[in-house]
Structure formats: structure tokens, C-alpha cells
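Please take a moment to look over the sequence and the fold before reading on.

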Amino acid sequence: SSGSDGAKKYIIATDTTFAPFEFEDESGNRVGIDMDLLKAIAEDQGFEYELQPLGFDAAVTALESGQADGVIAGMSITEERQKKYDFSDPYFDSGVGMAVKSDNDTIKSYDDLKGKNVAVKNGTEGSKYAESIKDQYGFTITSFPESANMYEDVKSGNSVACFEDYPVLGYAIAKGQPLKLVGDLQAGNSYGFAVQKGKNAELLEMFNTGLKNMKDNGKYQEILDTYIKTN
Ligand code: GLN
């Protein structure tokens with residue numbers, strides 16, 4: 001589609017709530033590391049975009065079908081996805097963790113999941129990881145479209161645990177979700193901005209150049225510091 005001056009306006013799909021990467025603040029603005037970074041990069045590189053908060057799985061589907069030009073959604077750069085999408089340079093290191101209810105003292109490791117159910121989110125690395133170990137540890141899986149559904153399932157006791165990126169679980173816990181991280185963190189991967197393979201090379205190039213500029217001028221660090229407090 002076209003922007004106000006007739007320039008191309010890119011459709012960028014994202015997740016609904018995946019704090020601290022994308023979420024709505026009290027005034028209903030879409031904020032977070034991904035949102036602020038995309039905005040800063042677009043300003044720096046002079047491109048326009050329309051944001052579509054579709055949910056993670058739906059955002060990736062929209063990209064795959066060409067309904068979106070790009071996805072920024074805490075999307076992990078994986079070998080499998082690199083066959084289908086072109087990714088920007090990595091902008092954040094992450095990985096999968098397991099969380100249980102904060103008052104749960106029986107689930108301390110994967111061995112304790114035998115005969116239990118766990119919650120995951122459709123199409124994510126957390127889901128893929130849980131699938132890969134469920135037979136070995138003897139648990140079942142329920143999959144949800146959004147992170148919030150997953151947390152609810154754990155809080156209600158339907159699932160004893162959920163698998164999700166640990167920076168996101170850590171943030172949710174810091175903001176008051178009655179959960180805790182247990183067990184080992186899984187070797188992760190990094191987040192990247194994705195476009196369809198062989199398409200939108202110009203957009204990808206602008207993202208990479210803008211990202212580098214934001215790292216060089218301190219804006220990238222400023223955005224991280226806004227959402228992630230380090231001691
Ligand atoms: N990083 C995970 C993935 O790429 C989860 C992303 C998300 O839920 N927004 O699969």
C-alpha cells in the first residue's frame with residue numbers, strides 16, 4: 001500500500017502481547033523493544049509502515065502468504081525458518097525456559113513432568129522444544145494462540161508448566177505473574193526481523209543499516225534500558 005506521500009508503506013506483522021518486546025501500555029500505545037526499535041529504524045531510514053498485531057503464529061502465516069512484508073515479534077532466527085525467510089542481523093539473544101506456578105514445589109525438573117500436561121504457544125520455539133522432549137519425559141501438551149492463555153492454564157492448574165522464551169517469562173514474573181522459572185534454560189537463539197525469502201531485500205537492508213545506526217548512536221541501548229532493568 002501507499003503512504004501519505006505515495007511512498008511504499010510496509011505491512012509489518014507482530015505478536016499481540018509478548019512483553020517486553022510488544023505490548024500495550026496504559027494509554028493503549030503499542031510499545032516494547034521491538035516496537036521502539038522498529039520505529040527508530042524506520043525514522044532513521046525514512047520508511048513508512050503499518051503495524052498489524054496479529055499474534056505470533058498468525059503473523060508468521062501472514063508473512064508466508066505475502067499479506068505482510070515483514071515480521072518483528074521476538075522471532076527467533078532458526079535454521080528451519082531460514083529456509084523460508086530472510087532474517088535481519090540478530091538484535092537480541094534469547095532462549096526457552098520452563099515456568100511453573102510460584103507455589104509449586106513438586107515440579108523441579110523435566111523428570112517431574114511425567115503424566116502431567118504442559119502449556120505452549122502455537123508455532124513457537126517453546127512449543128517445538130516441548131514437542132521434542134515430551135515422549136522422553138512422558139508429558140502431554142496443550143497449545144494456545146497467546147502467551148496470556150498459557151499463563152492462565154498454568155495458574156488454573158490445568159497445566160503444571162509452560163515453555164516460553166525466558167526473557168519474556170522473567171519479565172512477566174517481575175510484573176507480578178505468580179509463576180517461577182525452574183530447570184535449565186535451553187540454549188537459545190537470537191531474535192531477528194524477518195521478510196519472505198528473496199523478497200523485500202530493500203526493507204531488510206534498511207532494517208540492518210538502521211539497526212547498526214541505532215547501536216552506534218546509543219538508541220538501541222536506550223531502548224533496552226527502558227524495558228530491562230539491569231543492576
Ligand atoms: N522466540 C519464539 C519464536 O520465535 C517466540 C516468539 C513469540 O512468541 N512472539 O518462536
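This is a predicted model: local features need pLDDT of at least 70, side-chain atom pairs count only at pLDDT 80 or more; totals for chains, interfaces and linings use all residues.

**Helix packing and local detail**

Helix α1 (residues 33-45) and helix α8 (residues 219-227) have axes that come within 9 Å and cross at roughly 155°. Because angles over 145 degrees count as roughly antiparallel, α1 is roughly antiparallel to α8. The crossing of these helices, α1 and α8, is right-handed. On the α1 side the contact is made by Ile33, Asp36, Leu37 and Ala40, which meet Lys219, Tyr220, Ile223, Leu224 and Tyr227 of α8. Sorted by class, this contact of α1 with α8 has seven nonpolar residues, no polar residues and two charged residues.

The residues of the contact of α1 with α7 divide into seven nonpolar, four polar and one charged.

An α-helix has 3.6 residues a turn, so residues three or four places apart point the same way. In helix α5 (residues 147-155), the buried residues include Ser147, Met150, Tyr151, Asp153 and Val154. These residues cover an arc of only 160° around the axis, which puts them on the same side of α5. What do the buried residues of α5 pack against? Their partners are the strands β8 (96-101), β9 (117-121), β10 (140-144), β11 (161-165) and β12 (179-182), together with helix α6 (166-174). Just after α5, the backbone at Gly157 takes a positive phi of about 90°.

Helix α2 can be described in a similar way. Phe56, Ala59, Val60, Ala62 and Leu63 are buried in α2, and they cover an arc of only 155° around the axis, which puts them on the same side of α2. What covers these buried residues includes the strands β1, β5, β6, β9 and β14, as well as helix α3 (79-82). Just after α2, Gly66 takes a positive phi of about 85°.

Beyond α2, Asp69 is found in the loop between α2 (56-64) and β5 (70-71). Is Asp69 buried or exposed? With a relative accessible area of 14%, Asp69 is buried, because buried means under 20%. Leaving aside residues up to four places away in sequence, Asp69 touches Lys8, Lys9, Tyr10, Ile11, Leu63, Ala194, Val195, Gln196, Asn200 and Leu203.

One of these partners, Asn200, lies in the loop between β14 (194-196) and α7. Most residues other than glycine have a negative phi, and most peptide bonds are trans. Asn200 has a positive phi of about 55° although it is not a glycine. At 21% relative accessibility, Asn200 counts as partly exposed. A cis peptide bond runs from Ala19 to Pro20, with omega near 10°, and Pro20 lies in the loop between β1 (9-14) and β2 (23-24).

Ser88 has its place in the loop between β6 (85-87) and β7 (92-93), and at 4% relative accessibility Ser88 counts as buried. Not counting residues up to four places away in sequence, Ser88 touches Ile77, Gly192, Phe193, Leu204, Phe207 and Asn208. Ala201, found in helix α7, is exposed, with a relative accessible area of 55%. The C-alpha atoms of Ala201 and Ser88 are separated by 9.9 Å, although these residues are 113 residues apart along the chain.

Lastly, Lys175 is placed in the loop between α6 and β12. Lys175 is exposed, with a relative accessible area of 62%. Between the C-alpha atoms of Lys175 and Thr14, which are 161 residues apart along the chain, the separation is 22 Å.

Conventions
Residues are numbered from 1 along each chain as its sequence is written. Side-chain values use heavy atoms; hydrogens and water are left out. Axes are lines fitted to C-alpha atoms, for helices over the stretch in contact, and angles run from 0 to 180 degrees between N-to-C directions. Helices (H or I, at least four residues) and strands (E, at least two) are DSSP runs, numbered from the N terminus. Angles under 35 degrees count as roughly parallel, over 145 as roughly antiparallel, 65 to 115 as roughly perpendicular and the rest as oblique. A crossing is left-handed if the near helix is turned anticlockwise from the far one by less than a right angle, and right-handed if clockwise. Contact means heavy atoms within 4.5 Å. Ala, Val, Leu, Ile, Met, Phe, Trp, Tyr, Cys and Pro count as nonpolar, Asp, Glu, Lys and Arg as charged, and the others, Gly among them, as polar. Buried means under 20% relative accessible area, exposed over 50%, partly exposed in between (1.4 Å probe, protein chains only). The arc is that of the directions from the helix axis to the C-beta atoms.
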